[in-house]
Amino acid sequence: MVAGQKTVLLDVQGLSVSFESYHAFLEKRASQVISDLSVQVYAGEILAVVGSSGSGKSLLAHAIMGILPDNARTGGSMAYKGKELNREYREALRGKEIAFIPQSVAYLDPLMRVGGQVRGIVGEKLRDAQEKAFAKYRLDLQAANLYPFQLSGGMARRVLISTAVVTDAELIIADEPTPGLDLAIAVQALQDFREFADQGKGVLLITHDIDLALHVADRISIFHSGTVIETAQREEFSGDGEGLKHPYSRALFRALPQNGFQLPYCPKCGASCAVWEISRTEMRCACGSHD
Ligand SMILES: Nc1ncnc2c1ncn2[C@@H]1O[C@H](COP(=O)(O)OP(=O)(O)OP(=O)(O)O)[C@@H](O)[C@H]1O
Ligand code: NI
């Protein structure tokens, strides 16, 4: 449970997620989306998981929360505060010790007024906290009386963030929480995450935006094709990225505007527009021009 001096809140080891589907003649097929993925969130930190669209980031969050669809098969192990995250333990933690900010606002209960959802099971005792959170996120207090379908996308996202902030959570799992928010509100949310982590709690921040991750996270896990290829301290993302181990991490960092939009080039053909094959340990040109 303790790695070095740090307390591990969430420990995911060797996670795999695949989906089973039936094709012609009831032939069963499985497609693997996440494989051998390991990630740890320490108490007191924001860990960002950064990866491109469709790489499996939301599925990682859903696997942790135990809300994958029925046809999903998982492998590996997950522990929270040193105890295996099984069904009962998850039920006990969800919405209490672990707060989830889903990427899709479809996760709000369509049949329940949003104020009540934010107060959740703790009920009226949380009214003050909910009203404070709404004020901070510039949600009209009247919004508490609305149903999810009456909210705009940005309002719904602010409701979801308020929900995470008002609970007594120790771990927030936030799946792309800021798109669609005004800059001031997005900054507010990220500041709240920082404050939350500084109180000794943990945040797993899922994003496609490496620049955002570099602004707020303590450590960054680079996610590619359903696995984490490298986890590095934010400070390693500096200079020319020479402190990073995986060439894909370096390529992502060097492609940032502040680093001059450098594109990776193929050491064999010299082209910068090459197609890349990225494995757990290397990044090879697959443009085929020198086979
Ligand atoms: N129920 C499902 N059945 C089969 N495949 C699925 C299912 N849900 C997701 N996938 C596949 O898993 C992959 C990863 O999806 P996921 O939503 O985790 O990506 P993501 O990294 O969160 O992307 P984005 O940044 O766009 O949110 C996608 O290719 C998607 O098609
Ligand atoms: Ni996603």
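The structure is a predicted model. The predictor assigns the complex an ipTM of 0.97 and a pTM of 0.90.

**Confidence**
- The protein has a mean pLDDT of 87, and 95% of its residues reach 70 or more.
- Among the elements of the protein, the highest mean pLDDT, 98, belongs to strand 4 (residues 46-50).
- The lowest mean pLDDT among these elements, 58, belongs to strand 1 (residues 2-3).
- Where pLDDT is low, the predicted coordinates should not be read in detail.

**Surroundings of ligand 1**
- Ligand 1 is surrounded by 13 residues.
- The closest of them are Phe-19, Ser-53, Lys-57, Ser-58 and Leu-59.
- Helix 1 (residues 57-65) supplies the largest share of this shell, with 3 residues.
- Sorted by class, the shell around ligand 1 holds 8 polar, 4 nonpolar and 1 charged residues.

**Packing of helix 4 and helix 5**
- Two packed helices are described by the angle between their axes and the distance between the axes.
- Helix 4 (residues 127-136) packs with helix 5 (residues 153-166) at an angle of about 135 degrees, and their axes are 9 Å apart.
- Because of this angle, helix 4 is oblique to helix 5.
- The crossing of helix 4 past helix 5 is right-handed.
- On the helix 4 side, Ala-129, Gln-130, Ala-133 and Phe-134 meet Ser-162, Val-165 and Val-166 of helix 5.
- The contact of helix 4 with helix 5 has 5 nonpolar and 2 polar residues, and no charged residues.

Definitions and conventions:
Residues numbered from 1 in each chain as written. Chains lettered and ligands numbered in written order. Predicted model: local features only at pLDDT ≥ 70, side-chain atom pairs only at ≥ 80, totals over all residues. Near = placed C-beta within 6 Å. Helix = DSSP H or I, 4+ residues; strand = E, 2+ residues; numbered from the N terminus. Nonpolar A, V, L, I, M, F, W, Y, C, P; charged D, E, K, R; others polar. Axes fitted to C-alpha atoms, helices over the stretch in contact; angles between N-to-C directions. Parallel < 35°, antiparallel > 145°, perpendicular 65-115°, else oblique. Left-handed = near helix turned anticlockwise from the far one by under 90°. Contact = placed C-beta atoms within 7 Å. pLDDT = per-residue confidence, 0-100.
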